[in-house]
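Here is a short report on one protein model. Keep the structure in view as you read.

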Amino acid sequence: MDNLHIDPDGTASVAPIPVRTMNVTFSGQTRRASPPTWGQIGMWLMHKRLVSRTETLNLQLRINFPETLTPEDIVRGVISLVCRHEALRTTFHDTEDGRPRTVTLADGELAVRIYRTTEQSTEATVEAALAAERQHFFDLTNEVPLRLALIGLPSGAYCASLVLPHMAADGFSVGVLKRDLQEIIECKADFEADQQQHAAEAARLQPFEIAANERSESGQAENERSLRYWWKVLADSPRTVFPWGRGINGSKPEIQVVLKSRAVILAACELAYRYEARMPSVGLAAISSVLGAISQDSRVMYQVTCSNRGFGPIRNSVGCIAQGGLFFVDTDTRTFSQLVTRAGRAELMAYSSARYDSVLRNTVVDEVGLQRGVRFDLHTIVSDQLFAERRLAAPQGPYSPASMDEALRATRIECRASDFVASERFFLHMEYRNGEAHLTARADPETFTEHLVSDLLQGIESVLVGACREDVSPYELAREAGLRPVGKKGSQWVHTDTGWVDLSSVSELVERTGLAKALSVQHGNEDGVVAHLEFKGAGIGVEELHRKMMSLLSDRPSAVAPARYVVETLN
């Protein structure tokens with residue numbers, strides 16, 4: 001039964017069914033084809049990898065309206081909003097260079113679903129309708145990037161649900177859209193005049209203007225500055241938070257695990273209040289603690305969906321400003337509060353240094369990897385939509401150990417079957433629903449088991465709850481959560497200044513050169529990775545062996561070339 005909804009208390013309710021659909025049109029706007037913004041490029045690349053599961057990246061805006069407004073009043077306001085912001089009527093099309101081509105529509109149609117509720121309906125019933133709307137899969141090439149529904153409330157008023165793909169908007173855009181829609185509806189201007197007024201309004205930067213600025217001389221300088229920064233970070237970063245050698249073959253169904261927890265909300269809000277920190281900083285600190293614990297490395301790097309707003313007119317624009325930033329933090333701190341501070345700085349660097357063309361960023365990642373003899377594994381993405389409009393969170397009621405224990409008892413974890421093949425090694429999506437956090441993890445079955453993914457999600461909850469009880473080190477919190485290091489079976493992994501090294505893979509690769517036989521491979525405290533070799537023939541030099549090793553390593557993610565070779569002869 002598709003409209004069956006399970007409430008947080010475990011009872012079932014049925015989501016209201018749309019009773020009618022209203023088709024409305026917009027017209028008379030400017031049609032244009034333009035280059036994408038850097039943010040649109042970054043999200044497009046992510047969208048291409050997650051093409052079967054892009055509803056995970058949808059944003060949803062709920063607005064309650066007074067009883068005096070009819071559905072027609074609300075729809076007219078939304079159409080004016082579509083005319084004002086070109087991002088809401090822009091489609092995306094594939095090109096050969098990997099960057100999308102954007103087309104802003106001059107006219108189009110929007111289908112509005114209207115839901116009915118009864119006097120017996122509860123807030124959970126409304127939330128069920130909102131959840132159903134949220135799951136829409138957008139065809140970004142052939143569909144207007146906005147899904148509108150009006151849900152009748154038992155009071156007789158309506159609430160509007162606006163669902164947008166991340167390609168059209170980011171978290172900051174939601175607040176801009178909400179303010180604009182309320183302003184438009186409150187004005188109650190004539191619909192046709194309102195369309196023309198907002199289409200001509202110059203107070204809001206449009207995506208094509210942002211793209212033009214990014215391609216200017218100053219924009220290109222910012223692009224180069226960001227890429228230089230990440231080149232430097234990548235040159236001394238771990239290869240991955242997961243030390244596995246194999247790639248993602250994309251042939252097996254992904255693992256999907258969902259953790260539903262009110263304790264995560266209680267703990268994260270309490271810690272944000274105590275530390276005077278932002279909610280995302282607390283969440284990213286907990287995630288980094290867990291990833292660092294299972295990867296045996298305090299230095300953690302992964303991708304985050306983020307937006308960089310800056311100041312001035314760009315703050316009032318609607319669009320995908322900067323996406324797919326890299327997050328890098330060292331979790332080796334004495335207390336969790338120190339890690340939250342460090343995560344906040346790392347988040348700031350991820351945002352401020354994400355103003356780049358993501359196609360060029362991927363080129364930098366490949367070039368640094370080739371230079372180091374190691375392919376980076378950045379198939380780790382965190383999407384944080386907890387409290388999209390509340391960056392500084394107050395405690396959710398009086399905090400006490402008893403209230404936390406009660407919340408923990410209500411935690412549920414679900415392992416779901418999936419029909420989709422894995423496209424990322426690990427993808428974590430966090431959102432706020434019905435007073436609790438929903439953490440959804442999707443993982444590559446070649447890397448993870450359901451048990452490991454479940455442990456990872458429960459570890460995030462345990463770290464947050466443990467930090468509320470005592471401000472100890474992330475290492476202690478992870479240990480108390482029962483997290484254990486995980487590595488590639490049958491290999492000896494060590495971590496050096498140049499990243500993760502799989503010693504058995506080094507030995508195997510040396511043998512594959514056909515020039516020498518590896519008697520042993522070891523890790524020296526001062527000399528890095530050392531290969532003790534027996535050459536197979538006369539006239540073979542170390543330089544030729546190293547060149548051959550590097551050519552083999554360009555396709556090999558699991559090892560780096562030895563830093564020193566010791567030639568041994570056997571009599």
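## A loop residue with positive phi

Helices and strands here are DSSP runs, numbered from the N terminus; a helix needs at least four residues and a strand at least two. With that in hand, find Glu-276. Glu-276 sits in the loop between α8 (262-275) and α9 (279-295). Keep in mind that this is a predicted model.

Most residues other than glycine have a negative phi. Glu-276 has a phi near 55°, a positive value in a residue other than glycine. Is Glu-276 buried or exposed? Its relative accessibility is 72%, so Glu-276 counts as exposed, because exposed means over 50%.

## An aromatic pair

How many aromatic pairs does a search of the whole structure find? The search finds four. One of them joins Phe-426 and Phe-448. A pair of aromatic rings is described by the distance of the centres and the angle of the planes. For Phe-426 and Phe-448, the centres are 5.7 Å apart and the planes make an angle of 40°. The pair is tilted.

Why does this pair tie together separate parts of the chain? Phe-426 lies in strand β16 (residues 426-433), while Phe-448 lies in the loop between β17 (436-443) and α13 (450-469), so the pair links parts that are 22 residues apart in sequence. Phe-426 is buried, at 1% relative accessible area. Phe-448 is buried too, at 2% relative accessibility.

## Charges over rings

Two arginines can be found over phenylalanine rings. Arg-32 lies over the face of Phe-208, 3.7 Å from the ring centre. Arg-442 places its charged end over the ring of Phe-427, at 4.6 Å from the centre.

## Where α1 meets α11

Now turn to helix α1 (residues 38-49) and helix α11 (residues 358-372). Their axes come within 8 Å and cross at roughly 60°. The two helices are therefore oblique to each other. From α1, the contact uses Trp-38, Ile-41, Gly-42 and Leu-45. From α11, it uses Ser-358, Val-359 and Asn-362. What kinds of residues make this contact of α1 with α11? They divide into four nonpolar, three polar and no charged.

Look at Ser-358 in helix α11. At 3% relative accessibility, Ser-358 counts as buried. Leaving out residues up to four places away in sequence, Ser-358 touches Trp-38, Ile-41, Gly-42, Leu-45 and Gln-323.

## Where α12 meets α13

Helix α12 (residues 401-409) packs against α13 at an angle of about 170°. Their axes are 12 Å apart. How do α12 and α13 run relative to each other? They are roughly antiparallel, because angles over 145 degrees count that way.

On the α12 side, the contact is made by Met-404, Asp-405 and Leu-408. On the α13 side, Glu-461, Val-465 and Arg-469 take part. The residues of this contact divide into three nonpolar, no polar and three charged.

## Apart in sequence

Finally, find Asp-236. Asp-236 is in the loop between α7 (217-235) and β11 (255-261). At 43% relative accessibility, Asp-236 counts as partly exposed. How many residues separate Asp-236 from Arg-372 in sequence? The separation is 136 residues. In space, Asp-236 and Arg-372 are 9.6 Å apart, C-alpha to C-alpha.

Note on methods
Residues are numbered from 1 along each chain as its sequence is written. This is a predicted model: local features need pLDDT of at least 70, side-chain atom pairs count only at pLDDT 80 or more; totals for chains, interfaces and linings use all residues. Side-chain values use heavy atoms; hydrogens and water are left out. Rings of Phe, Tyr and Trp (its six-membered ring) pair if their centres lie within 6.5 Å; planes under 30 degrees apart count as stacked, over 60 as edge-to-face and the rest as tilted. Buried means under 20% relative accessible area, exposed over 50%, partly exposed in between (1.4 Å probe, protein chains only). A charge sits over a ring if NZ of Lys or CZ of Arg is within 6 Å of the ring centre and within 35 degrees of the ring normal. Axes are lines fitted to C-alpha atoms, for helices over the stretch in contact, and angles run from 0 to 180 degrees between N-to-C directions. Angles under 35 degrees count as roughly parallel, over 145 as roughly antiparallel, 65 to 115 as roughly perpendicular and the rest as oblique. Contact means heavy atoms within 4.5 Å. Ala, Val, Leu, Ile, Met, Phe, Trp, Tyr, Cys and Pro count as nonpolar, Asp, Glu, Lys and Arg as charged, and the others, Gly among them, as polar.
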